[in-house]
Each structure stands twice: as C-alpha cells, then as structure tokens.
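Dear colleague,

Please find below the structure that I am handing over to you, together with its sequence. My notes on what was found follow directly after it.

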Amino acid sequence: MIRKSYMIASLISLIDIHIPSPAAALLALFFFVAGPPVFLSPLDAQVTEPWRPLHGGCFSGTRVRESPDPLVSYRWDDPKAGDSLQIYTRTPVSMQGFPRSAFMSSVKEGGPAPTIPIAAGLSEAAYRGGRRPAGLADGGLIAGLSIAVKGTGSLRLDFGVECAGWLEFDSDDLPDSVEMSISEYNEPAIVNTGARHPIKTARPAKYGHTYRLELNEELYEGVRFGWIHVRRYKKTWHILNPRLVCQVRPVNYAGSFSCSDPELTRIWYTGAYTVRLNLLQHYFGAILMERSDRQSWTGDAYPAQAAALAAFGNDDFIRANIRITAGQDNGIASYPLYWVLSLVDYYRYTGDSSFFREYTGNADKKLERAYRHYDTLPSLGFMGWDERLGAGFEHPDAPEAQETYRMLCIHVWRKMAAAVLATGDTTLATKYEGYAVSKSRELFNADERAAASGIISSESAPVSGAFSFGIHAVSEAVNADLLQDPVVAARAKKWFADRLNRLSYSPFNQYFIIQAMASAGRYKEALRTIKDQWGGQLRYGGTSFFEVYRPSWNTILQKNDPPPNNQCGYTSLAHPWGAGVTKWLSENILGIRPSIPGFKNFVILPHLDGHLTWVRGEMPTPSGIISASFDSRNGINRFFIPPGLLAERIGIPRTTGTGRKIVTVAVNGRLLWSNTAAGKNAQQIAPEQAPEQGKEQAKENTKENAKENEVDAPPVWKGLRTVAEDSSYIYLLQVPPGDYSVKCAYEGINKQNRTGSSIVRSTTIRSMATRSMATRSMATRSVAARSGSAPSTAPRPGEARSEKTRSAETPSGDLAYPLPGITLDRLTGGDWRKKYGKDGYELFGYGAAGRSWPSYVEDIQYHGEERVVWDSAVNDSRVLTLPGSTPGSNSGKAAAIITGDPAPTRQTFTIDVRLKKEHPYYLTLYFLDWEGGKEPRRSALELFDLGTLNILAPVGMIRNYRQGRYVRFRFYKSVRVRIDQVRGVNAALSGIFFDPR
C-alpha cells in the first residue's frame, strides 16, 4: 500500500442521484460558505500508480475562471524538462444513473461528515470567511461519499473537462464483475484497429478494493466521461470515490492573456491546456486518446510548440522535442518544413543561437530538398484534412495542396534567411533568400502572363500562377511576404472576406490562415474566424481543441455528442495541433512579439477596436516576463520591460472604433504627447534627455543583432524623438527597461456608452489637457506631428488597422451556405419508382443492371467505399428492387456501399457526380440501416462543389434509418457527396436517384 494524493477537482452535482436531505443540506451549506475548491488530501490507495503525486509547488498562481485547466494556478518551484510526470485526482462534476433507480448516493454510514478543507497556503479563518482561494478550480470534497448499486444499469460520470488520465473507483463489497468505459464525448468511445484497445470498454483490473480501467500500457487516455456498467446484479453493493487519476507535466503558466471578450480569453487558455494535456514524459504528444498514432508528429508539433512558447516558456522541453523530431518527416513532404519553422520560432523567442546553429545543417538539408522538389513535386502525402487540400490521405496531391506546399517552401526559405542572418551567416541567408526570390519571381511572371492574356480567375478550372490559389495557398503566399503581387493581393482580399470559405476543416490549417489575415491587416475578419473555428468548439462543449471541426456540427448535435468521423478517422477532441491560436492572440491582440531573437528588442502593438476595449497579458522571455495592459475605456495603460530588453515600439491604439480620439498621453505622470494647440507648442525634447539606460541598451542590442532582417535594427537614442504617430497608433520609441504607467485622455463620445456618466465630451478633455499643460513642462513633438509624415519606424505591412470588408453571413449572424434546403423522407421505403429516379438512378448490389445514369451526367466516381450485400433474395418493403420486379417476390437485395470501419481513416466515402455541363437537377440518397442492432447507425452528410471543393451546405445528420430514409437536395453543377460514420457499425447508403427540377 502506498500513499496517494487526491486532487478533488469538482463539485458532484445531484443530477439523478438521491442524497438524503440532511446530508444534502450540509453539502449545500459547505459549498455556499467555502465555494467548491481544489485541494490536496492524502488518502490510502491499494494500487501502485506510475507517477508520484503532485509535489514541488503550490497553488500560488492566479486563478483564471476562463481556463479549463484544474491546475492553472499551480506553480512548481523549478520545473525542468527532465522532470517526471506527476498525478492528481479529479472527481465528477455530475453523475447520472441509467436507470435512475439502480443507483442511490448517500454519505457513507459511519464516515466523517463533510468538512471544509484547507487549501495549500490558505488560512482556515480566511477560508471559513467565504473568500474563494485564488487559483482553485470548481470542485469539492464529499468525504465518505458512497453510491449504492440497486440493480443493473450504467452510471455515467462527467468530469467536466478533458483529462489525460485513467478511471478508478473503490469498493469493499462488490459481489460480481463490472465493466468500465471512458470517452471524450458523452457515449463510450470506439476507435480504429491498431489501437491497443479499440473499444474503450473493458473489465477493470482489481487491486485490493480498488478497480482501475487499464486500456494500454501507458494507462492514460483522453477522458471527459466515464461509465461504470453493472451487467449482473445479485445484491446491493457500493461504489466509493469514483475518480480520474490524471497525469500532468510540471510546467508553469509563465504567459497570460485576457481581454474584454471572455470567449477570446477562454480560447487562449483552452489552447494552452490542450498543449499541456499532451506534454508527455519525453516529448510533445500529438494525439491524446490512444488510437494507434501516439507519437510526436513533427508537423503537428509546430503550432503546439508555438503555443507553449507564449503560454509556458518551457524552452528546454521545446528544445528536447525539436531534437527528438529532427530526423522525422512522418512520410509527409511539408512536415520537415514545419520542423524548420519550429526551430525558427524557438530561436526568435529564446535567442539561443548555439542550439540554432547546431541544427542549421539539419534544416539546410530539409530546405535544399524542398528546393529540388519545388517544380516537380514529390508525393506530398498530406497537407491537411480540408477537402480543398485533398482530404488528408485521400488525394494529397490535389492542385490546391501542391500550390500550398510551394508557397510554404517560399515562406520557410524567407523565415530561415532572416534567422540565419541574425546569427551573422550571410552565405546561408543569401542562398535562402535567393531561393525565395527566384521562385516568387516565377509566380509573378506567371501572373503577369495570365493577366496579359486576359485570363480571369476561374472557379471551375485552375489557371496559371496565383489566379488559381484557394484560401490555403493564398494564405501561405501572404505568409511568404508575397502581398506585393497584385494577383496574390486580389486573391487574398477575395478569400479573407469570405466568412464561410476562409474556414478550414482543421484548426491546424486555420492557424496558417489567421497568420496570413493578420499579416494582411484583416484583424476583424481574423477574430470572426477565430470565433467560428475555435469559439465554435467551445460552444460544442469542448474543453480542449479538436482535430477537425465544422461550425454546423453545433446545429445537428447536442453538447458533447459524438462528432462525425471522417477522412481523419475517429475524430480526436484533444489535438494540440489546434493550439496555435494561443500564440496568435499573444502576438496580434496583446501585440507582444520579438523583433530581435530573444526579445532583446521587441514591439508591443495591441489590437483594440469597437469590440475589444481592453487587453492585458504577459509574455515569457529568457530575460524575464514582459507584461502589458491597454484599456481604451479609461485610458490607463501599463507595461513592464525586464532588464536587458528594449521596447523598440509600443503602440498606444489611437482610435478604438468608439468615436473617441486621444488628445494627450502622459507617461508615469509626465505629459509626453498632446494634440491640443498648447500641447503642440510645448512638445519638444532634446535627444540628450533620453534615459541613459535606453541609449546603452539600444546600442548593445543593435551591436549584437545588427544583421537581424525581420525589422530594421533599432537605432540608438541619440538624435531620435521618443514619440511618433501614424493613423493607427501613438508610438513610444526605444523604451528602456522599467515599469510604466501611460495615461491617455480622450475627446469625443463613446458610441458604446451614450448614456450616463461614462460619456466623455471634448470640452472636458480639452480643459483637462490645458490644466495639465500648465502644471507640466515636459512634452515631445513627434517627427510625424511636425512634418505630417509617418515616422521612420511606422508599422510594417499588416500592422495597421484592417479595412472594412463585407463578411458573408446571415442577418442572425449565422454562416450562410449556397445550397438550398435539404429535405428528408422516411415514409417511402424501398418503393422508389413512383417518386424518385425519373432521370436516372444507381442501386447498389445489382451491378450494371442497377445503373441508369442521366444523359447530363458524364461520370460518377466512388472513393473509399466498401460494398456489401447483406441478403440477395429479400421480400422486404425497405429494400430497393430493380424496375420491372414483381412486388412481393423475393427479388430484392439488401445491399449498400459502406464505410470501412474500423480500419484507420476509413470512416468515410465520397461520391463524385460530374456533369457534362451545368444542368439543374435533384439528387436523392437512400440510406438503409438493414442490420439495426443494439446501436443504430448514425451518419453525417457533407456536400461540396466538385469544381472548387468549397462546402455547399451545413453538415446533415441522418439518424434512425432502420426503415430507410431519403435525403434530397437540388443543385446545378458537379457535386461531391461525402458520407461519414458517426455511430453504429458503419455508414451505409443503398442507392442514389436523379430527378428533373
């Protein structure tokens, strides 16, 4: 027997569980007074766990309500990459019995009454006084909780958040065997063959009085829900302390982010938590639930490591993962390039030139190989799950995937050129920049030739150059700094304004798209896309980010329902490749990013508009934590610059979309800038008055990084002004280390607050500014204010405020789809001839005899399907029979095309209907769940324009098709139909029919 620490992390809801009223009253009083806490309490266990309990720290960090991480406030004293994993325990937030009568909860007779626990570092008096401990997540201890089992059934446990753990409970009177299940969603999980336990339901291992579900050697799985199944019942027995034992890597939140939009704050922390869930003993994991592909996929690791740089600053562990993946390509042409981007990201954030140089040779081989492949192209293997990128492994060499790969090559050459130049290697920098220039010149020439020939971008056939670029290719072109090409710029404008089609199927690829949107200055559209992609996952019920996601899932599924499985196989709901948005928000909304490796020089350019009124956060660097806070409501801004660093530019957002404008800026109580007449006359400062520390720091940083080419090397203080401005910001320039408070005064009326004392009028502000001028003599006139020109340190392209663009959405704010409504018919059954197929049909299982295509159809192709004939001589009203067959005879065939479950990535198939030319028609699909069984089939339907592969309609869900169900839609172009398995043995389709419009 060993001692085990249990972290009781959630309040047990009384849903469907009866607790005697005195005990319930005591529990209610406890949670009212104390608030549900997380705490550590030593309990006895009869099972040896693989890792030591949580230790080496305490809950000393800030509690973040928007974070799903139970340990967001836990701080280890000195976490290192070589530390072992640790464990903590989590109890359910709710339990539900099926049937309800089979389970009854009570406080165990003779056990201790519920007590108020004392959290680490918190006095009992303060806790009893009702102050909620900082850093504690929702949850609480119910001492002596016992669940009496009164019959057969299942007890479902919801643990509230996704965890990396294993399910356990205790019992000292279990008379028979039970089964246990786990899942990321609200039904027991099933995954593909190749997993060590594809069905996540099994009999538990017994250790004394402890029962533990063991599904693989590593124990942990992705778990949000757990079940205890009572298959046979002899007499009443008791379930004690049902729990998850969760593993965690010792890593601290060194970064932070919050803003006036709680959803964005929650997205930042959910991305960070998704990464932390997948930090394993030796490397960054790629997939949480075990489905046979657990490893550090080097491409998947790129956005995960990016998020870790901003959230944790665990540089040594990132360095270790770069080492581990240095020799991998996972059989995917683009993944070595993402590894190079990870290396560049690491160098930019840490300034670790020795490690960067150690792997420059490795990166050089990868980039040379990309140059050799650029024109002829290898088999790409994979570019993303999006239909337009070839749907993963299905068609990886699709035209859009190929162009995206080429633009990624230019992007990586250019980023690597900047990085090696910062180390002083001009030879490699020249080579990589030369590669980028030569290939981009070819693109520009192709665009010019196409334009000169009068070629106009076609939605149905690719043309030369960037005219053919879709959202993924044009995004990589923008990331490669190719916006100067007018065609790239035009395509980017088109795609970035298209709310529906700028959405990718995976948050992995979406990260590259929002990077490009920020570079193009399209912040408004980027934030809308973040809410559609990552915010939609939260609304679905996710507490970690998914492998793939479509917003329309939320309209066909209840919260936490099983999602569609498709070209990616069984969908993972904890996929750290979706976490790149965390770094994006830190760099683009909070606005902190390095301009010289290691943040020796950096910028802070926050993005606030009429929607976002304040933002604050922290960025970890090797020299300390940079913190910043901007608030356009009260004009109070603060930031801290650690010793050894220099803020090249700090931008105070000039307008916020609220109708107010800044008229004065004071730094640490000293007026620095004014837009009033008196202020303009007073704005003047001698260069010699610039702080000495700032002068010397700028000189030193410039000397060490003179060849940094991402932005111009910062000049020293001498001869420059300390403030500048353009249409987007008022800039503080060359700001040395220190703690700063910047107060802005505004004029105008806040359009968001037109009533009450919050209205700020210009006369009040001007009089305040005049009084301020009379009492303070220090002010600085910027170069831009005197000359009317932008400062020499004006924002690079993409840093300015985005222009207004039309976003395709319905008046209600929902996404708008081009396809008219889809109709369902559950009454017709197999008697199709009176209602369907007037233009043509194909009945599966009959071969050529069951095929009669319309004259306007050129071809129908199937991909990924398997074919089955369940019964070949059937007299059943549900089956489809050939024309001319005799009713009531045994002439029917129960047949279908089906998905290839449970083989990996075989959970979907497609039907491509190619027309000879555009022609209006109805297409009807007949679904039949012939076998039925204990778990009826549930299938999803996706529709795409076959020419562009843009999605046409919200995802449809076909349920309860045991009696047969027809699904009908109308279109006029070639179409791709994708059928996905959701639940049941597979997805099954028995026939397709064509009718005139």
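**Strand pairing and the open sheet**

Strand S23 (residues 646-653) and strand S27 (residues 729-735) pair in the antiparallel sense, with 6 bridges between them. Within this pairing, Arg-649 has Leu-733 of S27 as its bridge partner. Please note that the model is a predicted one.

Both strands belong to an open sheet of 5 strands, ordered S18-S19-S23-S27-S26, in which the pairing is mixed. Strand S18 (592-594) and strand S26 (723-725) stand at the edges; each has a single partner strand, so one side of each is left without a neighbour in the sheet. From one strand to the next, the twist averages 20°.

**Helices H14 and H16**

Helix H14 (residues 523-540) packs against helix H16 (residues 580-588) at an angle of about 155°, and their axes are 12 Å apart. Because angles over 145 degrees count as roughly antiparallel, H14 is roughly antiparallel to H16. The crossing of H14 past H16 is left-handed.

On the H14 side, the contact is made by Tyr-523, Ala-526, Leu-527, Ile-530 and Trp-534. H16 contributes Val-581, Trp-584, Leu-585 and Asn-588. By class, the residues of this contact divide into 8 nonpolar, 1 polar and no charged.

How many of the 9 residues of H16 are buried? The count is 9 of the 9, so H16 is largely enclosed by the rest of the structure. The buried residues of H16 include Lys-583 and Glu-587, as well as Thr-582 and Ser-586. Val-581, Trp-584, Leu-585 and Asn-588, named above for the contact with H14, are likewise among the buried residues of H16.

**Strand S35 and its two partners**

Strand S35 (residues 908-915) has 7 of its 8 residues buried, so this strand is also largely enclosed by the rest of the structure. S35 pairs with strand S32 (residues 857-863) in the antiparallel sense over 6 bridges. Its pairing with strand S40 (residues 975-983) is antiparallel too, over 6 bridges.

Which residue of S35 is the bridge partner of His-863? The partner is Thr-910. Towards S40, Thr-910 stands opposite Arg-978.

With kind regards

Definitions and conventions
Residues numbered from 1 in each chain as written. Predicted model: local features only at pLDDT ≥ 70, side-chain atom pairs only at ≥ 80, totals over all residues. Heavy atoms only, no water. Pairing = 2+ DSSP bridges. Helix = DSSP H or I, 4+ residues; strand = E, 2+ residues; numbered from the N terminus. Axes fitted to C-alpha atoms, helices over the stretch in contact; angles between N-to-C directions. Parallel < 35°, antiparallel > 145°, perpendicular 65-115°, else oblique. Left-handed = near helix turned anticlockwise from the far one by under 90°. Contact = heavy atoms within 4.5 Å. Nonpolar A, V, L, I, M, F, W, Y, C, P; charged D, E, K, R; others polar. Buried < 20%, exposed > 50% of the residue type's maximum accessible area, 1.4 Å probe, protein only.
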